Amino acid sequence: MTVAHRLGTYEVAFLEPAEAERKLPGDALIVTDENVWAAWGKTFGKGRRVLVLPSGESTKSLSHFERCLKWLAEEGADRGATLVALGGGVIGDLAGFVASTYMRGIRYIQVPTTLVAQVDSSVGGKVAVDLPEGKNLVGAFYPPEEVLICPEVLLTLPWREFANGMAEVWKYGFILDADLVRALRHLRLTPQSAMLESVIRRCIQLKIEVVEQDESDTSGLRAVLNFGHTVGHALEKVLKYESLLHGEAVAIGMVAESKLGERLGVTARGTTEDITACLQLDGLPVTHDSLGLAETVGAMYADKKAEGGQLAFSLLTRIGECKLVKDVPRADVEAVMQAL
């Protein structure tokens with residue numbers, strides 16, 4: 001699979017872990033986290049320079065960004081260096097942003113190890129870190145050299161982490177592919193499923209079709225990929241990235257934003273009920289009982305789609321179709337969140 005971008009192209013390849021390791025440059029430097037290193041360090045760390053960071057969203061911070069930069073300098077990395085992001089979305093976003101800035105830009109390779117990262121965050125060239133004020137507020141558009149996807153690594157994921165990734169899989173169906181939604185209702189995917197690789201490929205292909213048309217997120221087309229994320233990111237921030245995983249927050253967000261779309265007359269009636277039933281097939285949460293309404297809605301104003309003090313949401317018109325809706329009244333958002 002080939003992804004075109006403003007500077008050229010990069011490949012998304014599906015490989016066994018050992019094959020992926022052999023494709024890495026001999027002098028590549030690896031950034032990973034404790035959980036991935038414990039499971040896959042023997043495969044990917046043979047004689048390489050490796051920085052092992054704590055796992056979790058708190059690692060996607062300016063302090064760890066600085067730590068990575070200093071480590072590269074201490075290791076003598078020059079402009080010809082290649083940085084490998086071996087991990088989930090946190091490591092991929094962090095290492096990609098480090099690569100975009102170290103010596104004004106070095107090569108990096110994505111080796112995503114979670115379902116969320118394989119179907120979504122490793123492709124498209126968005127890299128970032130979080131601020132206390134909001135998620136992904138400091139970042140860049142910086143494409144990788146290549147993306148090496150190893151479905152086998154998902155076998156070591158705890159079930160909750162796999163289900164977390166299924167939220168993003170469902171998202172692709174909800175926004176772009178009604179046929180995928182119909183298939184997912186019957187597949188009941190697990191890390192062992194024979195159909196898993198083809199579903200991952202389909203999600204990536206859908207993302208490629210969007211990002212190639214709106215690489216830098218300027219036309220509003222790429223914003224549809226954020227269905228569920230305005231609410232989801234706000235929940236993550238308010239809950240301090242502790243009680244909900246990213247996909248779990250997005251699952252709640254998709255239900256909330258579907259309710260919002262129905263309230264505004266944008267989304268077909270009954271869509272929220274369908275989405276809720278789909279997400280519950282994978283045990284994903286669809287509501288949360290510890291929400292501070294004012295704080296959660298306030299956090300949405302830090303979302304990058306918000307402009308001029310007005311909220312914007314990616315809302316479904318129906319299953320398989322989505323569009324960006326701007327200037328959404330706060331009162332409608334509060335009413336929907338109150339119902340959760």
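Let me start with helix 4, residues 89-101. Helix 4 has 13 residues and reaches 18 Å from its first C-alpha to its last, close to the 18 Å expected at 1.5 Å a residue. Bear in mind that what we are looking at is a predicted model.

Is helix 4 enclosed or open? It is largely enclosed by the rest of the structure, because 12 of its 13 residues are buried. The buried residues run from Gly89, Val90, Ile91 and Gly92 through Asp93, Leu94, Ala95 and Gly96 to Phe97, Val98, Ala99 and Ser100. An α-helix has 3.6 residues a turn, so residues three or four places apart point the same way. Just after helix 4 comes Met103, which takes a positive phi of about 50 degrees.

Next, helix 10, residues 246-264. Helix 10 has 19 residues, and from first C-alpha to last it reaches 26 Å, close to the 27 Å expected at 1.5 Å a residue. Helix 10 is mostly covered, with 16 of its 19 residues buried. Just after helix 10, Gly265 has a positive phi of about 80 degrees.

Now a single residue, Ala163. Ala163 sits in helix 6, residues 159-176. Why does Ala163 count as buried? Its relative accessibility is 6%, and buried means under 20%. What does Ala163 touch, leaving aside its neighbours within four places in sequence? Ala163 is in contact with Asp282 and Leu284. As for Leu184, its C-alpha is 13 Å from that of Ala163, and the two residues are 21 apart in sequence.

Finally, the chain as a whole. It has 13 helices and 11 strands. The radius of gyration is 19 Å, close to the 20 Å that the globule rule gives for 340 residues, so the chain is as compact as a globular protein of that length. Along the principal axes, the C-alpha atoms fill a box of roughly 55 × 45 × 35 Å.

Of the 340 residues, 57% count as buried. Take the contacts between residues at least 6 apart in sequence: 70% of these join residues at least 24 apart. The accessible surface comes to about 13700 Å², and 49% of that belongs to carbon and sulfur atoms. On charge, the chain carries 35 positive and 45 negative side chains, and the centres of the two sets lie 1 Å apart.

That is where I stop.

Notes. Residues are numbered from 1 along each chain as its sequence is written. Side-chain values use heavy atoms; hydrogens and water are left out. Helices (H or I, at least four residues) and strands (E, at least two) are DSSP runs, numbered from the N terminus. The expected span of a helix is 1.5 Å times one less than its number of residues. Buried means under 20% relative accessible area, exposed over 50%, partly exposed in between (1.4 Å probe, protein chains only). The radius of gyration is taken over C-alpha atoms; the globule rule is 2.2 Å times the number of residues to the power 0.38. Contact means heavy atoms within 4.5 Å. Accessible areas come from the Shrake-Rupley method with a 1.4 Å probe; for residues, only the protein chains shown count as cover. Lys and Arg count as positive and Asp and Glu as negative; His and the chain ends are not counted. The place of a charge is taken as NZ of Lys, CZ of Arg, CG of Asp or CD of Glu.
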